[in-house]
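Here is a short briefing on one protein model. Read it alongside the sequence and the coordinates.

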Amino acid sequence: MNEARVTAGCDDLEARWATILRKLEANAGVLARQGTLVAKDSRGRRVWAVRFVAEADGRRVHRAIYVAGDDRPELVDRTAQLLCEYRLQGRWAGQVEVYARLAAGSVGLARRLASNRRPSG
């Protein structure tokens, strides 16, 4: 009987994670730049949510995605890890832009140096 409870608990955990993941992925672009995992008290217990600001109809709207209570640390940990991954991906775009500008500048510099060389002879 305990084995059935454990299996049901795992299925419930994975189902809840799938729901959280779907909501986070729908807002991944915003979460790559801002948003945070926060703890707050709700009905006498501590719960975790991802809070961020999104655009809706041209206005800034505060959003929250409920994650879990303290009784589900696996979901809180997975969410924190996913937010870190989004932040890294958000930084990559900025880094690629910087490297592209650096490469373009290097090409221009190489052309100027090549055109200033005079053949010896």
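L37 stands opposite V50 in β2. Two strands count as paired if DSSP finds at least two bridges between them. Strands here are DSSP runs of E with at least two residues, numbered from the N terminus.

This is a predicted model: local features need pLDDT of at least 70, side-chain atom pairs count only at pLDDT 80 or more, and totals for chains, interfaces and linings use all residues. Residues are numbered from 1 along each chain as its sequence is written, and side-chain values use heavy atoms, with hydrogens and water left out.

**Sheet layout**
- The sheet is open and has 3 strands in the order β1-β2-β3, with antiparallel pairing.
- β1 (36–42) and β3 (59–69) stand at the edges. Each has a single partner strand, so one side of each lacks a neighbour in the sheet.
- From one strand to the next, the twist averages 40°. Axes are lines fitted to C-alpha atoms, and angles run from 0 to 180 degrees between N-to-C directions.
- In general, strands of a sheet pair through backbone hydrogen bonds, either parallel or antiparallel.

**Pairing of β2 and β3**
- β2 and β3 pair in the antiparallel sense over 10 bridges.
- A54 has V61 in β3 as its bridge partner.
- The two strands β2 and β3 form a hairpin with 2 residues between them.

**Positive phi in the loops**
- R43 lies in the loop between β1 and β2. Its phi is positive, about 55°, although R43 is not a glycine.
- R43 is exposed, with a relative accessible area of 86%. Exposed means over 50% relative accessible area, buried under 20%, and partly exposed in between (1.4 Å probe, protein chains only).
- D57 lies in the loop between β2 and β3. Phi of D57 is also positive, near 55°, in a residue other than glycine.
- D57 is exposed too, at a relative accessible area of 80%.

**F52 in β2**
- Is F52 buried or exposed? F52, found in strand β2, counts as buried at 4% relative accessibility.
- Leaving aside neighbours within four places in sequence, F52 is in contact (heavy atoms within 4.5 Å) with N27, V30, L31, Q34, G35, V61, H62, R63 and I65.
- F52 and I65 are 13 residues apart along the chain, and their C-alpha atoms are separated by 8.8 Å.

Conventions:
Helix = DSSP H or I, 4+ residues; strand = E, 2+ residues; numbered from the N terminus.
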